[in-house]
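Please look over the structure shown here before reading on.

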Amino acid sequence: MATSAKNSIAAHPKFEPVIGLEVHVQLLTVTKIFCSCSTRFGAAPNTNVCPVCLGMPGALPVLNKRVVEFATLAAMALNCRINETSIFARKNYFYPDLPKGYQISQYDKPLAEFGFIEVPAGAGKKRIGITRVHLEEDAGKSLHEGFPDSDDKTAIDLNRTGVPLIEIVSEPDIATPDEAYEYLTKLKEIILYTGVSDCNMEEGSLRCDANVSVRPRGQKEFGTKAEIKNVNSFRFIRDALEYEIERQIDVIEGGGKIIQETRLYNANEGKTYSMRSKEQAHDYRYFPEPDLLPLVVGEKWKAEIARSLPELPEVRRSRMVKDYGITEYDAQVLTFSKSLADQFEEAAKAARNPKRVANLVQSELMGRLKSKNLSIEQSPISMQGVAMSADLVESGTISGKILKDLYDLSFERGKDFPAVYEEEGCPQQSTDSSALEKIIDEILAANPKQLEQYHAGKKTMLGFFVGQVMKASKGQASPQIVNELLAKKLGS
Ligand SMILES: [Zn+2]
C-alpha cells in the first residue's frame, strides 16, 4: 500500500477535508461512440474523422452497441445498479475543440448509479460510494506545440472527438489524499480486470478531476469546493490534494473565503493555480439529445453482459490464498494483472502439485525478482517455467538445490526455465544408491558421537545425517532416497 509520509491532513485538529473524484475512462472499442471512425491513438491529426464527429449539420449519431456493453460491464464491476432506461443529453458549451458546440453526455438519467469501491482503511476496509457511471463522448484536442507557427497559433486535432468515455463520479466520501490514492488504485485495477479500458494515463485513457473542500471538524455542511483538473498521475493527485487542502485551510484561518473555481496543478512546483471560476451544472443548459433514442438495457441484455464479468481482484485474491496456501502479499503480487493471475492459475492447475508452484513462486521467484528490482511481468521465468520446475522436483528428477541453481542461471541468462534446463543437459539428481551408500558409510564413520547418540535413542539425529549426506553429495542426492538408505543402515 502506498501511504503518504505526510499525515498532517488526516490529523489536522480543526479542519477536515471532503474529497470527491470524477474519473474519465476511455473504452477500448475499435470505433467511436456515435460513428465508425477509428479510436486508434497516435494517428496523424484529423485523419480519424467524419461528418458525424466533426459535427457537420445534419449528420446523425448512431450509438455503438459495444460501448454500451463495455460501460455496463464496468458499472457492474463497480457494484452499480444498471438503470434499464438512460437518456443522452446535450451539454452545451463553446470550446475550439468541440465543433458541435455541445458534448453528448448523460445528465439526470445516467446509465448506472449507487455503486461503491472498498479501500483499505486501518486494519479494515472503507466503502467509498459511487454516485453514477455515465456515458459520454470525448472532445478534441488543442495543440500548442510541435507544429509550424505553434509559437503564435493553436492547432486542433479532432481524432479524439467522439471517442467513447465513461465518467465515474464518486460520493464525497473520501477523507484524505491517501484515501483518494487508494480509491484510484482500486478503480483502475477493477477496470483493467474487466478489460474495457487500458487505463493508460499517458495516452489519456484515464483522467481524473478532484473536488475538494474543507470544513471545521464536526460541521455537517460542506465548505466551498475547488476542482483540480487533469492531473496525470495518482501520485500527483495525492500531492495536489495535500497542497490544496493546506491552501484552503490557510485561506480560511487567515479570515479569507474560498471561491468555487477550477484549479490546475503544476507538478514541478507542487502547487495548484486558479484557472477559471467554476461553472455550475445549470450553466450548461443540459437538455435531452433529440437525435438519440432513450438507451434501454433490458434484463436479457444485462444478463448477457453479466456473463462476461470476470472474477474481480479482491475476490480472486481471497480464493487464491485459500486454494494455493499462499500469503496475502503473494496473492496481491500474482493478481497484479488479470493476465498474470490467469497464467499463474493455469500453470498451477496443470502442474502435479499446484501448491508447489505457489511455493516456488513465493520462495524462489519473488526473492530473485526483488533483488534484481524486476516486476513479476519482467521475470525471465514464466509461470509455465515455474510449473515445469515444480513437476521436476515433485517427480524427484531434480533436487531443490539443482532447482535453485537453474533459477540462478535463468536470471543470469535472462532465459526461461525450460530453455536453461535443456542447455544444462537436463540434469537429474543422483539416485545411484551404491554411490550414496558409500557417502553414507563415510558420514557415519566420521561422526561416531552422533551415531552413538542416535543409538541411545536420540532419533532426531537422523535429520543431522540426512543433512550431512546431502551436503556431501552437493545437493545432487534425492532426499527421499537418502532417508530410505539411512534408515536401512541405521536399522530403524
Ligand atoms: Zn467520425
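The points below cover the sheet, the helix lying across it, and the salt bridges.

This is a predicted model, in which local features need pLDDT of at least 70 and side-chain atom pairs count only at pLDDT 80 or more, while totals for chains, interfaces and linings use all residues. Residues are numbered from 1 along each chain as its sequence is written, and side-chain values use heavy atoms, with hydrogens and water left out.

**The sheet and its edges**

- Nine strands form an open sheet with mixed pairing, in the order β2-β6-β7-β10-β1-β11-β12-β13-β14; helices (H or I, at least four residues) and strands (E, at least two) are DSSP runs, numbered from the N terminus, and two strands pair if DSSP finds at least two bridges between them.
- The edges are held by β2 (81-82) and β14 (271-277), each of which has a single partner strand, so one side of each is left without a neighbour in the sheet.
- The pairing of β2 with strand β6 (residues 112-121) is antiparallel and runs over two bridges, with Ile 82 standing opposite Ala 112 in β6.
- A salt bridge also joins the side chains of Glu 113 and Arg 81 (3.7 Å, N to O), where a salt bridge is a side-chain nitrogen of Lys or Arg within 4 Å of a carboxyl oxygen of Asp or Glu.
- This pair links distant parts of the chain, since Glu 113 is in strand β6 and Arg 81 in strand β2, 32 residues apart.

**The helix across the sheet**

- Helix α3 (residues 234-253) lies across β1 (15-26), β11 (206-216), β12 (226-231), β13 (261-266) and β14, and runs at about 25° to β11; axes are lines fitted to C-alpha atoms, for helices over the stretch in contact (heavy atoms within 4.5 Å), with angles from 0 to 180 degrees between N-to-C directions.
- The side chains of Lys 14 and Glu 253 meet in a salt bridge (3.4 Å, N to O).
- Lys 14 lies in the segment before β1 and Glu 253 in helix α3, so this pair ties together parts that are 239 residues apart in sequence.
- Lys 14 is exposed at 52% relative accessible area, whereas Glu 253 is partly exposed at 43% (buried means under 20%, exposed over 50%, and partly exposed in between, with a 1.4 Å probe and protein chains only).

**Other salt bridges**

- The structure holds 40 salt bridges.
- Glu 423 and Lys 415 form one in which the closest N and O atoms are 2.5 Å apart.
- Glu 311, Arg 316, Arg 319, Asp 323, Lys 338, Asp 342 and Glu 345 are linked in a network of salt bridges.
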